[in-house]
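This briefing covers strand pairing, a helix, aromatic contacts and a pocket in one protein structure. Please read it alongside the sequence and the model.

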Amino acid sequence: MQKIIILVACHLIRELAKIDSSIAVADIDPDMISYENVTVHQLPFPSGRNSMTKEFEKKRGDRLISKEIIDVVKEVPPGEGIIIFTHKERGKLNIAKTLRSDLSDAGIDTEATIEVSIGHTSESSQGESPKPRINFLTWGNETSISEFSYCQHIIFAGVLHRSYIDIGSAIAGQKNDLSTELHNKHIREVMQSEVAHCFYQGLSRGSSRVIDNGTTRHMTAWLIHKQDIKHIIQQVMPGVCWQTWKPKHLPVSETKLSMLIERLKSEVSALSSEIKSMSISKLKKLSNMTDIPARSYSRALS
């Protein structure tokens, strides 16, 4: 086989795929589909497996992530479907099972079903009613299924993060050069694009995958993630509405600190690699963070 056509919408934002010089991008208008009916609410809080594990290993009643998600589920009309993405089970902790239990304890029927017409799914063969109202999916399912396109709401209780070693190895593989020079900044950029890719694919499991006259169906997503990936997602989801998910239970100061830390990391990564040391005051000025209170800045540095 000398020529292969790859039909994948996420190529524009997947830096890892772009490294392969043998792949040429077709000249297709990215605005051919409008995502104006999709709204993303982002809560800036650590979303990797380790962070989510720490949260869900807490005692019943102390799991603040669960409380935030419970509030969201309670606001969803009873006749509308929900997808909840979590990390896979590892060791003794099953996040999906724990979250389902917390939802039940809060009076939410996790076994409820809803009536779904064929017109509300992307495949007519999947349009039989009734359907589960609340569906738990783990990472690995974000690119493989379409049977939940009747769900108008998706909650991301954490996002898959690939490791530095994994990404570095993949970069070398994509270049077909095991001796290629790897830079921390580039690895971080690729890692962020992979997070965005996972999120985008997860979003595509819901009702936004159904297109009516060039516009997606209505869908609302709640994302727990501390990094700013809005500018990446907008490249493949033109018109998407992005809003802040204001926490009711998680400490607001901690969510702000998470965003500040990520901003600081981004600014430092952008500095010249020739810089080996620098005073805190000069770093603050060069990183355009003079507006940050001294105490907050010190906490982010530590």
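In this predicted model, strand β1 (residues 38-43) pairs with β9 in the parallel sense over six bridges. Strand β6 also runs parallel to β9, and four bridges join the two.

- Six of the six residues of β9 (residues 219-224) are buried, so the strand is largely enclosed by the rest of the structure.
- In a regular strand, side chains alternate between the two faces of the sheet.
- Both faces of β9 are covered: one side carries Met219, Ala221 and Leu223, the other carries Thr220, Trp222 and Ile224, and all of these are buried.

**Helix α6**

- Helix α6 comprises 20 residues (residues 184-203) and reaches 29 Å from its first C-alpha to its last, which is close to the 28 Å expected at 1.5 Å a residue.
- Because 14 of its 20 residues are buried, α6 is largely enclosed by the rest of the structure.

**Aromatic pairs**

- The count of aromatic pairs comes to six.
- One of them is the stacked pair of Trp139 and Phe156, with 6.0 Å centre to centre and 25° between the planes.
- This pair links distant parts of the chain, 17 residues apart: Trp139 lies in the loop between β5 (134-138) and β6 (151-156), and Phe156 lies in strand β6.
- Both Trp139 and Phe156 are buried.
- The rings of Phe199 and Trp242 have centres 6.2 Å apart and planes at 70°, so this pair is edge-to-face.
- Phe199 in helix α6 and Trp242 in strand β10 (residues 241-244) are 43 residues apart, and their pair likewise links distant parts of the chain.
- Phe199 is buried, with a relative accessible area of 0%.
- Trp242, at 16% relative accessibility, also counts as buried, because the cut-off for that class is under 20%.
- Phe85, Trp139, Phe156, Phe199 and Trp242 together form one aromatic cluster.

**Largest pocket**

- The largest pocket holds about 1,100 Å³ of space.
- It is lined by 33 residues, of which Ile6, Leu7, Val8, Ala9 and Ile28 are the closest to its centre.
- By class, the lining of the largest pocket contains 24 nonpolar, five polar and four charged residues.

Notes. Residues numbered from 1 in each chain as written. Predicted model: local features only at pLDDT ≥ 70, side-chain atom pairs only at ≥ 80, totals over all residues. Heavy atoms only, no water. 1 Å grid on protein atoms, 1.4 Å probe; cavity = no way out; pocket = protein on both sides within 12 Å on 5 of 7 lines; lining within 4 Å. Points joined across faces, edges and corners; volume = space filled by probe spheres on them. Nonpolar A, V, L, I, M, F, W, Y, C, P; charged D, E, K, R; others polar. Expected span 1.5 Å × (residues − 1). Buried < 20%, exposed > 50% of the residue type's maximum accessible area, 1.4 Å probe, protein only. Phe/Tyr/Trp six-rings, centres within 6.5 Å; stacked < 30°, edge-to-face > 60°. Pairing = 2+ DSSP bridges.
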